[in-house]
Amino acid sequence: VCPQVSGELDDCHCDVESIDRFNNELLFPKLQALLQTDYFRFYKVNLNKPCPFWTSGSHCGLRDCTVKPCSPYSAEVNSELDKCEKSEALGAVDVSLSDETREALKNWTKHDDEAQRFCLLDDEWCPDSQYVDLLLNPERFTGYKGPEAWKIWTSIYEENCFKAFYTWLEGQCVEKRAFYRLISGLHASISIHLSARYLLSDEWFEKRWGPNVSEFRSRFDSELTQGEGPKRLRNLYFLFLIELRALVKALPVVKEGSFKLFTGQPQEDCRNKERLLDLLHTARSFPLHFNETSLFAGDETEAAKLKEDVRLAFMNISRIMDCVECFKCRLWGKLQTQGLGTALKILFSELPSSPPSSRLTLNRQELVALVNAIGRISTSIKELQNFRELLAEDT
Ligand code: FAD
């Protein structure tokens, strides 16, 4: 009954079992520790951007979709925070901010604004963006489903995943196939999280969240999904490999003496940098890394064109996230697409002919998104282990 996912992954020299061992024993605990720190738990995002593709109802009205970002650095900081503190704890953000953290966030904004002053596609310098506390807004079951959710997934796959290739997967080039596998892996990860932190009971005084084995089976069991479930799980492992490889390639950037994890508290900054470097070294120790040079490897002009196609499709998917009507889902959808976008930038932004002067740079927003994104995938792989055990107990 356990969805069978094992053995070597396509287009890689890596097997599922090695990833399980490496992730569950080594990477996962380190990632979890890092993601608790203030630097990585606050993500700046604009959740109020209108959907650029169709008129949407703007939000779904489900209680568990709520995200309450209170801007800690706004002029009305105190009244904003008061409102937050009084609001239902469900999905609220920033309620736990100490005065110190609030001050630090003000400094981050100043520091980030000085570093780069323009409004990127992905929000971080836009005035409407706000810091959201990710630990207070966990990715879990929200009840968002039906035609609205389907419309998002359909337009992602049909319009942005190289439709022809989606239908005739085998005939397509390895890059387009890889792109589809990344999106499908992200979709699988979301499905695992909502099954692992499912709303098990909803009494007026308490909500209980936990693993729902039948929800998990309905999404991944081979028989119940006409064989698709295990393939989707394999795509999750592929996504893990891509993001893991990007972490390794980020190492030289982070190592630079001038690269700071700025929070305004120098001791904390140093400790966080050490923790991050430790994580990146751990990532580097994985022996079966994906070889990114196998992609976009042909004729340079054709490779550049293909890269541009993939980049545009990916940008479109980022913009579709503004059409997700459940704000909690939108928050994590935006964060994870930005994290994956950063991974792709790290792996593929340089051409063999690029001059050494066009060296890779990473800003805070990209780093926070990347580390949180792989944190999600790493957690999914860990959750799979848990589901395997629960399914074994069931039989
Ligand atoms: P869906 O998951 O909606 O899938 C639609 C169709 O896509 C399936 O029928 C299948 O044909 C195909 N499909 C499914 N999985 C894959 C895959 N891995 N690869 C390729 N094709 C696939 N809900 C929550 O409870 N919590 C969340 O945090 C959350 N975040 C979301 C984020 C985004 C960006 C979106 C679009 C939706 C999110 N949802 C979330 C909703 C959730 O993803 C499902 O849409 C919902 O649970 C309904 O599921 P479903 O069984 O109808 O199939």
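Predicted model: local features only at pLDDT ≥ 70, side-chain atom pairs only at ≥ 80, totals over all residues.

Student: How many helices and strands does the protein have?

Tutor: Count the elements to begin. The protein has 13 helices and four strands. Of its 395 residues, 39% count as buried.

Student: What share of the contacts join residues at least 24 apart?

Tutor: Take contacts between residues at least 6 apart in sequence. Of these, 76% join residues at least 24 apart.

Student: Which way do β1 and β2 run, parallel or antiparallel?

Tutor: To read a pair of strands, look at direction and then at partners. Strand β1, residues 42–45, runs antiparallel to β2, and four bridges join them. F42 has D133 as its bridge partner in β2. V45 is partnered with Q130 in β2.

Student: Now a helix. How should I think about its sides?

Tutor: An α-helix has 3.6 residues a turn, so residues three or four places apart point the same way. Then ask about span and cover. α12 has 22 residues and reaches 31 Å from its first C-alpha to its last. That is close to the 32 Å expected at 1.5 Å a residue. α12 is mostly covered, with 20 of its 22 residues buried.

Student: Which residues are closest to the ligand?

Tutor: List the shell around the molecule, then sort it. Here 21 residues surround the ligand, and the closest are K145, A149, S184, C329 and G333. The largest share, six residues, comes from α7. By class, the shell has 12 nonpolar, five polar and four charged residues.

Student: Why does T142 count as buried?

Tutor: Count the C-beta atoms around the residue. The cut-off for buried is 20 or more others within 10 Å. T142 counts as buried because it has 22 C-beta neighbours inside 10 Å. It sits in the loop between β2 and α5. Leave out residues up to four places away in sequence, and T142 touches L62, D64, C65, C326, K328 and C329.

Student: And where is R219 found?

Tutor: R219 is found in helix α8, residues 213–220. R219 is buried because 20 other C-beta atoms lie within 10 Å. Set aside its neighbours within four places in sequence, and R219 is in contact with S191, S195, T225 and G229.

Student: One last residue. Is L384 buried or exposed?

Tutor: Use the count again. L384 is buried, because 25 other C-beta atoms lie within 10 Å. L384 belongs to helix α13, residues 364–394.

Student: How far apart are L384 and L233 in sequence and in space?

Tutor: Read both distances side by side. L384 and L233 are 151 residues apart in sequence. In space they are 9.2 Å apart, C-alpha to C-alpha.

Note on methods. Residues numbered from 1 in each chain as written. Helix = DSSP H or I, 4+ residues; strand = E, 2+ residues; numbered from the N terminus. Buried ≥ 20, exposed ≤ 12 C-beta atoms within 10 Å, placed from the backbone. Near = placed C-beta within 6 Å. Nonpolar A, V, L, I, M, F, W, Y, C, P; charged D, E, K, R; others polar. Contact = placed C-beta atoms within 7 Å. Expected span 1.5 Å × (residues − 1). Pairing = 2+ DSSP bridges.
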